[in-house]
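New notebook page. I want a first look at this structure, starting with one loop and then moving to a pair of helices.

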Amino acid sequence: MPKVVKVKNKAPAEVQITAEQLLREAKERDLEILPPPPKQKISDPDELADYQHRKRKAFEDSLRKNRTVISNWIKYAQWEESQKEVQRARSIYERALDVDHRNIILWLRYAEMEMRNRQVNHARNLWDRAVTVLPRANQFWYKYTYMEEMLGNVAGARQVFDRWMEWEPDEQAWLTYIKFELRYKETDRARRIYEKFVSVHPDIRNWIKFARFEEQHGFISGTRGVFERAVEFFGDELMDEKLFLAFAKFEEGQREHDRARVIYKYALQHIPKNRTQELYKAYTIHEKKYGDRTGIEDVIVSKRKFQYEEEVKANPNNYDAWFDYLRLVESEGDLEVIRETYERAIANVPPTKEKSFWRRYIYLWINYALFEELEAEDVKRTRQVYKYCLELLPHKHFTFSKIWLLYAHFEIRNKNLTAARKSLGMALGMCPKDKLFRGYIELEIKLREFDRCRILYQKFLEFGPENCVTWMRFAELEMSLGDADRARAIYELAVNQPRLDMPELLWKAYIDFEVGLSGTDKARALYERLLERTLHVKVWMSYAQFEMSASEEGNVLARQVYERANQSLRGAGEKEERILLLEAWRDFETQNGDKESLENVLQKMPRRVKKRQRVQADDGTEEGWEEIFDYIFPEDEATKQNLKVLEMAKAWKKQKAKAEEEGEERKAEK
């Protein structure tokens, strides 16, 4: 065995060499670059033959190894071509085509070789074979036609193009054919090609190109005909704003502004609104340039209609948008369009039976009915609108008095009083409401049917006996008819009701009624009855003002009322109301009393003091102190002092009795 050398020093070297450093040094010193082979100079035919033999052998060997690598075939053929061996290069290309006849690059290199060597017939035959084998390879057709055109064979190039067009290639191929014909001023041929082009590729931009071709060559009627055929071809379903924009711009360029305006309007009417933004802009600009005020307004109206359509489409229950839309449509005056829009609007019934959702919706029906009556003047349709609306409303949950009353007034305007009364009676039977009763009563008052009014008021009071306004209106009706006794009886029934919503108004109306009839004693009796029910300061003040103006001794009676009121409120402990009363009393004495009476009232006026009191939270804990203002009345202080004297007297008497008892006990003990 060989002797293993042991490493004695295992410490790292001072200079470390990394793999990167080794590679960098190798790159700097060019250690891996081999010197180029020496150039061989061929000086005689034998050396050339030997060189060609070696190269051909190398190419053939590479082809035997892998026949499917087309790049090897191409290199082989190009080398033969460089040796001026065109026949051999042609043979190699043919052998390559036997291997892969669908390789486009192979065909292109083969044909280019033939053209470089000016083998025109060979190249023509080769292109013919190529387009026969691969008719969908557009490169072959482009190269073929270009070669024929460069050779000046225009008829041959045209034949190639015709053969190509039979395969219905893409749009660029057709445009290339058209440009070819235009280069030779063959406008009619180019037009026929365009005819076939738009039939094979019926796209809007191709029709527009066709029209622009006609326009550029001065065929104005032909251009207009192309646009009209395009509009007819696409119909209403496949319309696009680009076609109409181009058509309108053409007419505008020909100064046919009326034609352009008709095109814009036709397009806006037939194309869906969400695809006409650019059309609206162009129409607006056109009208601003060439239109009058009416035309500009039409454009703006159309744009607003589109906006409203988008809003109601996004939210059909947006009734505010429907109102704006209907107002805009009504301004145009087209009855059928207006009715159709109203029908679309009222078809969006609120989804729930809550009155808040119906408040805006019901005005659609009201506006519809008013439009049919006032604008369309169609009484039959108006009656149908009202009836359909009343059938739609869920009267068991809620109703709208307005619609019942509008229907009744409509029938009266058409001299159909029976139908009006029948509808209002039906409304009161199905869903009685205060507004319905009042509207029905006002209607009968205008018709001077007072007996019916009395019956309606009786029904109204049976429905809501606590409604003070109804009692007052009923009494006012009887008073206007000159029957004071009936009015007084109504007021008596009203004030004796156990429950009223605004009793102060009712009593005031009753008292004013008696005062108006010069019934001072009855009015005074009413005040006394009212004070038995309430001691409110306003009642006392009103009573005092009544006494002051009722008789010659009014000041004395009013002063007595103020004194009674002061005593009453003093006993009730109502300080704020008592202050109001004293201020009113003071004003009364200032105007109608003397110094003594005024001084008497001023002595009763309270004193304002500041106090502190504890503040307690809701849970009973103390939160600190707060300052409040309180009023101290002189009368209350005098009463408190008298009470203190009485308390001291009682305490002294009790102490004296106790001392006498103790004295008697001592005597008994002795």
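This is a predicted model: local features need pLDDT of at least 70, side-chain atom pairs count only at pLDDT 80 or more; totals for chains, interfaces and linings use all residues.

Entry one, Asn-348. I found Asn-348 in the loop between helix 18 (335–346) and helix 19 (355–358). Is Asn-348 buried or exposed? I looked up its relative accessibility, which is 17%, and because buried means under 20%, Asn-348 counts as buried. Next I checked its side chain, which reaches the backbone oxygen of Arg-344 at 3.0 Å. Then I left aside the neighbours within four places in sequence and listed what Asn-348 is in contact with: Pro-316, Asn-317, Tyr-319, Trp-322 and Tyr-361.

Entry two, a helix pair. I picked helix 3 (residues 70–82) and helix 5 (residues 104–116), which pack at an angle of about 5° with their axes 11 Å apart. Angles under 35 degrees count as roughly parallel, so I put helix 3 down as roughly parallel to helix 5. Which residues make the contact? From helix 3 I noted Ile-70, Ile-74, Gln-78 and Glu-81, and from helix 5 Ile-105, Leu-106, Arg-109, Met-113 and Arg-116. I sorted the residues of this contact into 5 nonpolar, 1 polar and 3 charged.

I get 34 helices and 2 strands. Of the 670 residues, 37% count as buried. The protein exposes about 42500 Å², and carbon and sulfur atoms supply 50% of that. Among contacts with a separation of 6 or more, 46% come from residues 24 or more positions apart.

Technical notes. Residues are numbered from 1 along each chain as its sequence is written. Side-chain values use heavy atoms; hydrogens and water are left out. Axes are lines fitted to C-alpha atoms, for helices over the stretch in contact, and angles run from 0 to 180 degrees between N-to-C directions. Helices (H or I, at least four residues) and strands (E, at least two) are DSSP runs, numbered from the N terminus. Angles under 35 degrees count as roughly parallel, over 145 as roughly antiparallel, 65 to 115 as roughly perpendicular and the rest as oblique. Contact means heavy atoms within 4.5 Å. Ala, Val, Leu, Ile, Met, Phe, Trp, Tyr, Cys and Pro count as nonpolar, Asp, Glu, Lys and Arg as charged, and the others, Gly among them, as polar. Buried means under 20% relative accessible area, exposed over 50%, partly exposed in between (1.4 Å probe, protein chains only). A polar contact is a pair of N or O atoms within 3.5 Å; within protein, one must be able to donate a hydrogen and the other to accept it, and residues adjacent in sequence count only if both atoms are side-chain atoms. Accessible areas come from the Shrake-Rupley method with a 1.4 Å probe; for residues, only the protein chains shown count as cover.
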